[in-house]
Amino acid sequence: MGLTIDAYGPISDNAGGIAEMAGLPETVRGLTDCLDAAGNTTAAIGKGFAIGSAALVSLALFGAFTVRAKVTTVDILNPWVFTGLLFGAMMPYAFAAWTMKSVGEAANDMVKECLAQFPKIMGPEKMAPDYERCIRISTEASLREMLAPGALVILSPLVAGMGFGKNCCAGLLSGSLVSSVQLAISMSNTGGAWDNSKKYISAGGLGKEYVKGSEAHKNSVTGDTVGDPLKDTSGPALNIVMKLTAIISLVFGTA
């Protein structure tokens, strides 16, 4: 059931893209947009399952860490626990901001490359599209831009535990878990809602005066531009934040 829910959205989205590239009538694109809107909803449900699973796994790992590090209580009145709690609660927001910024910079590089190729493709040169360069831009950006967020997740529990003690690390894990769950659910739902709002406006849901090209539609495109990395990058990546911080803490729990 979970796999079916996850697969429905991308299949519908790709069907719409194929219909548009093939030059099919607008009626076909309208039908695929309806399917894609339903796919965004099912994708949000599937991501909710994944978030819940990650939260439970992180909680189990946190319990294993407390046993291994011999942490009997997590008292927020303890100054080091409270310090770790604050930093852990802020960490998912910094992680999400970095990943969002990375998507924007990579997309900007892709736009520059497309603007450089299009005149030669459409002009008298009739140059063949350089797909390999576009793929290289995305791949290199994905690897390069994830260094800082990855270092944040891996090093934070190590610095907290080795620098300030096991209680600080326990507080960091608690804050990171609670904050990541809330932020991941919010991002997954918000991104899907903004995407669907663009489709709703494009289909004339607000009236014929608010179709493609109107200010309302332009604003919805801006919302969708923010919503896509929210629901497809930062939101799902927070599952890794929850689990990886707990795993690192558990591995080095007796260090």
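In this predicted model, helix α4 touches helix α5 through Leu143, Arg144 and Glu145, which meet Leu147, Ala148 and Pro149 of α5. Sorted by class, this contact has four nonpolar, no polar and two charged residues. Helix α4 covers residues 131-145 and helix α5 covers residues 147-164. Their axes come within 5 Å and cross at roughly 30°. The two helices are therefore roughly parallel to each other, because angles under 35 degrees count as roughly parallel.

Two packed helices are described by the angle between their axes and the distance between the axes.

| Helix pair | Angle between axes | Distance between axes |
|---|---|---|
| α4 and α5 | roughly 30° | within 5 Å |
| α3 and α6 | about 35° | 6 Å |
| α3 and α4 | about 160° | 10 Å |

Helix α4 also packs against helix α3, with an angle of about 160° between them. That angle makes α3 roughly antiparallel to α4, because angles over 145 degrees count as roughly antiparallel. The crossing of this pair is right-handed. On the α3 side the contact is made by Ser102, Glu105, Ala106, Asp109, Met110, Glu113 and Gln117. These residues meet Arg133, Cys134, Ile137, Ser138, Ala141, Arg144 and Glu145 of α4. By class, the contact of α3 with α4 has five nonpolar, three polar and six charged residues. An α-helix has 3.6 residues a turn, so residues three or four places apart point the same way.

Helix α3, residues 79-122, has a further partner in helix α6, residues 166-202. The crossing of α3 and α6 is right-handed. From α3, the residues in this contact include Trp80, Val81, Gly84, Leu85, Phe87 and Gly88. From α6, they include Asn167, Cys168, Gly171, Leu172, Ser174 and Gly175. The residues of the contact of α3 with α6 divide into 13 nonpolar, nine polar and no charged.

Helix α7 runs over residues 215-251 and has 37 residues. From the first C-alpha of α7 to the last, the distance is 53 Å, close to the 54 Å expected at 1.5 Å a residue. At Leu230, α7 bends by about 40°.

As a whole, the protein has seven helices and zero strands. Read along the sequence, the pattern is α-α-α-α-α-α-α. The C-alpha trace of the protein spans about 70 × 40 × 35 Å along its principal axes.

Notes: Residues are numbered from 1 along each chain as its sequence is written. This is a predicted model: local features need pLDDT of at least 70, side-chain atom pairs count only at pLDDT 80 or more; totals for chains, interfaces and linings use all residues. Side-chain values use heavy atoms; hydrogens and water are left out. Axes are lines fitted to C-alpha atoms, for helices over the stretch in contact, and angles run from 0 to 180 degrees between N-to-C directions. Helices (H or I, at least four residues) and strands (E, at least two) are DSSP runs, numbered from the N terminus. Angles under 35 degrees count as roughly parallel, over 145 as roughly antiparallel, 65 to 115 as roughly perpendicular and the rest as oblique. Contact means heavy atoms within 4.5 Å. Ala, Val, Leu, Ile, Met, Phe, Trp, Tyr, Cys and Pro count as nonpolar, Asp, Glu, Lys and Arg as charged, and the others, Gly among them, as polar. A crossing is left-handed if the near helix is turned anticlockwise from the far one by less than a right angle, and right-handed if clockwise. The expected span of a helix is 1.5 Å times one less than its number of residues. The bend at a residue is the angle between axes fitted to the seven residues ending there and the seven starting there.
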